[in-house]
Amino acid sequence: IVCKFFSEIRSWLFHFIIWMPGFFGKQLRYLIYRNRFACCGKNIAISVGCYIRDFKNIFLGGNIGFGLNSQIYATGTGNERIEIGNNTYFNSNVMINADLGGKIKIGDNVMVGPNVVLRACNHIFSNRDIPIIMQGHQEGSIVIEDDVWIGANVVVLPNVVISKGAVVAAGSVVTKNVDEYAIVAGVPAKQIGKRGEYAEKTAIA
């Protein structure tokens, strides 16, 4: 009973830290979380409602911002890893999910719009005689190189590299590698231009 009581207290304190608003909430989260990460630089802003699972598998550079209600998951088999470079910012409700053996690497100067999902692993579903929920997962990886802009509501699937300087338009589903400085859009995402060769007035995100 005593163990359960203290477990409940820890849960309530953790909940309080997650949902503490304002500047002091961000500062408190940084002070408490920074030593739990595998690596953590300076100036990390973690907004209200952000949920982080398995800090020890997460490596952060400096100057990183996580928007409201973002989720960062890196738990499971022991092979999970999330690396995020410098000057990289995530809007609200972004999911960075490397659970169950996934690996996600995000470079410097990256911008990620709201409601984006990065999922490094996939369900196995090949056997029709076994429910999908019982077939396990296929490990995978996602690499997002430097100076990439990912628009709102994008989904990035496993085993994809989004190369340096690329732009992913809002609502796209990225299933294949994206070339350097390419602009991609659609479901599945296809190249529609290159940076420097595209009409900037056209809506991207």
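**View 1. Helices α1 and α2 pack at an angle of about 130° in this predicted model.** Helix α1 covers residues 2-19 and helix α2 residues 22-33. Their axes lie 8 Å apart. Angles of 65 to 115 degrees count as roughly perpendicular and those over 145 as roughly antiparallel; α1 and α2 are therefore oblique to each other. From α1, the contact draws on Phe-14, Ile-17, Ile-18 and Trp-19. From α2, Leu-28, Arg-29, Ile-32 and Tyr-33 take part. By class, the residues of this contact are seven nonpolar, one charged and no polar.

**View 2. Six strands form an open sheet with parallel pairing.** The strand order is β2-β5-β8-β11-β16-β19. Strands β2 (51-53) and β19 (173-174) are the edges, and each pairs on one side only.

**View 3. Within the sheet, β5 and β8 pair in the parallel sense.** Strand β5 spans residues 71-73 and strand β8 residues 95-97. Three bridges link the two strands. Ile-72 stands opposite Ile-96 in β8.

**View 4. Strand β20 pairs with β18 in the parallel sense and with β21 in the antiparallel sense.** Strand β18 (residues 167-168) meets β20 (residues 182-185) over two bridges. Strand β21 (residues 190-194) pairs with β20 over four bridges. Val-184 of β20 has Val-168 opposite. Val-184 also stands opposite Gln-191 in β21.

**View 5. Strands β20 and β21 form a hairpin.** Four residues lie between the two strands. In the turn, Gly-186 has a positive phi of about 105°.

Methods. Residues are numbered from 1 along each chain as its sequence is written. This is a predicted model: local features need pLDDT of at least 70, side-chain atom pairs count only at pLDDT 80 or more; totals for chains, interfaces and linings use all residues. Side-chain values use heavy atoms; hydrogens and water are left out. Axes are lines fitted to C-alpha atoms, for helices over the stretch in contact, and angles run from 0 to 180 degrees between N-to-C directions. Angles under 35 degrees count as roughly parallel, over 145 as roughly antiparallel, 65 to 115 as roughly perpendicular and the rest as oblique. Contact means heavy atoms within 4.5 Å. Ala, Val, Leu, Ile, Met, Phe, Trp, Tyr, Cys and Pro count as nonpolar, Asp, Glu, Lys and Arg as charged, and the others, Gly among them, as polar. Two strands pair if DSSP finds at least two bridges between them.
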